[in-house]
Amino acid sequence: MLEVSLKKSYSPFHLNMSFEADKGITSILGPSGCGKSLTLQALAGIAKPDEGRIVMNGQTWFDSHERVFWKPQQRQVGFLFQNYALFPHLTVSQNIAYGLKGLPKSTVSERVNTWLKTIRLEGFEKRYPSQLSGGQSQRVALARSMITEPQLLLLDEPFSALDQQIRGSLEEDLLRVIGSEFHGVVLFVTHNIEEAYRVSDKILLFNDGKVIQSGERRDVLRIPQSKKAAEIVGCENVFPVTSSKEIGNDTEVESVGHFLQVSRTKISRPVYIGIRSYDVLLTKSKDASFNCLEGTVVQIVEGVNNYSFTISTGGLEVKVEDFMKGSKTNWELGDDCFLTFPKDKLICMEE
Ligand SMILES: Nc1ncnc2c1ncn2[C@@H]1O[C@H](COP(=O)(O)OP(=O)(O)OP(=O)(O)O)[C@@H](O)[C@H]1O
């Protein structure tokens, strides 16, 4: 278990992070410049926070009160960046073996061979980084960062420079390796929500130097608790709430003159109300007695697997996603339509 609370001022930017991460993969999502890389640097010991504590499996790596600060080489941290960072003058084997200095030659060669097999690069041991593809280089970098069996593995957008297909195969490698050979904590920084969902159990949302939401991946991605969290996890429809009241087991909210019923959530006084574009129902006739608004189709965009519609309805612009791809034929720009917001799909949000 990793326990983190740290503050550092990079005036005008302030890092004020507090979170925990268990064994397994925790993804970090957040907009550009929110402090993801600076947090990883503090965890690796490359940057020293002004205040706080970092405790890994009961070992204190940093404590500002106790004046504890472990250097990077004392921390058993593996780091994998976007840009491979292999040593160009060393071969694949030498790169992978880099962190094993001081061990007997036979042990080193045995462990390197095991890793070459794991990353499916047997036969590549004598090649230099310049003779590898991007995906192969990143697999070597992954092996190099894990061969020392670090307690904490920091992955900073490791696949973002690679094309979709290679990305998929590296993701599989990563999951296989972490599932079978790695028993530590992995923090995985990515901008890709789908990727975060596929690889991790838990998700942390960062914004402006702070953690704004954390939890099980499904909860964080399905139920963002604030407008900013909704933006980060790609919830397209977020509307301001002007008033709200409890009615039976539901909450009724007023947004831009529309009254919507929402299944009761922990947030009793919502400031915003949101719904995923694929949870909105688009129909030709009125489909429900409540949460059903009349509108007009103002935009239709064709994607590979879906159609995206923008519907204008009394002061709101609502995004609707249709993955069936049959529906386009039913709709033209300017068509009148009805939108239904199922009450259990509406999300109440704080500021
Ligand atoms: N050494 C530094 N001194 C002062 N400010 C810094 C320093 N390094 C980064 N910053 C600022 O701190 C903020 C957070 O930077 P950081 O690199 O952690 O962002 P990030 O979340 O990793 O972004 P991205 O997704 O674009 O990589 C940014 O506004 C950046 O300009």
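A polar contact is taken here as a pair of N or O atoms within 3.5 Å; within protein, one atom must be able to donate a hydrogen and the other to accept it, and residues adjacent in sequence count only if both atoms are side-chain atoms. The model is predicted, so local features need pLDDT of at least 70 and side-chain atom pairs count only at pLDDT 80 or more, while totals for chains, interfaces and linings use all residues. Residues are numbered from 1 along each chain as its sequence is written, and side-chain values use heavy atoms, with hydrogens and water left out.

We can start with the ligand. An oxygen atom of the ligand lies 2.8 Å from an N or O atom in the side chain of Ser-37. The side chain of Ser-32 likewise has an N or O atom 2.5 Å from a ligand oxygen, and a polar backbone atom of Gly-33 is 2.8 Å from an oxygen of the ligand. On its own the ligand exposes 650 Å², of which the protein buries 58%; accessible areas come from the Shrake-Rupley method with a 1.4 Å probe, and for residues only the protein chains shown count as cover.

The shell around the ligand (residues with a heavy atom within 4 Å of it) consists of Tyr-10, Phe-13, Pro-31, Ser-32, Gly-33, Cys-34, Gly-35, Lys-36, Ser-37, Leu-38, Glu-157 and His-191. By class, five of the shell residues are nonpolar, five polar and two charged; Ala, Val, Leu, Ile, Met, Phe, Trp, Tyr, Cys and Pro count as nonpolar, Asp, Glu, Lys and Arg as charged, and the others, Gly among them, as polar. Helix 1 (residues 36-44) is the largest contributor to this shell, giving three residues. Helices (H or I, at least four residues) and strands (E, at least two) are DSSP runs numbered from the N terminus. Within helix 1, the buried residues are Lys-36, Thr-39, Leu-40, Ala-42, Leu-43 and Ala-44, where buried means under 20% relative accessible area, exposed over 50%, and partly exposed in between (1.4 Å probe, protein chains only). Just after helix 1, Gly-45 adopts a positive phi of about 90°.

Next come strands 1 and 2. Strand 1 (residues 2-10) runs antiparallel to strand 2 and is joined to it by nine bridges; two strands pair if DSSP finds at least two bridges between them. The two strands form a hairpin with two residues between them, and Ser-9 has His-14 of strand 2 as its bridge partner. The covered face of strand 2 carries Phe-13, Leu-15, Met-17, Phe-19 and Ala-21, whereas His-14, Asn-16, Ser-18 and Glu-20 lie on the uncovered one. Leu-15, found in strand 2 (residues 13-21), is buried with a relative accessible area of 2%. Its C-alpha atom is 6.6 Å from that of Lys-210, although 195 residues separate Leu-15 and Lys-210 along the chain.

Five bridges join strand 13 to the antiparallel strand 14 (residues 250-255), and Ile-247 has Asp-250 in strand 14 as its bridge partner.

Overall, the chain has eight helices and 22 strands. Of its 351 residues, 48% are buried, and the C-alpha trace spans about 75 × 50 × 35 Å along its principal axes.
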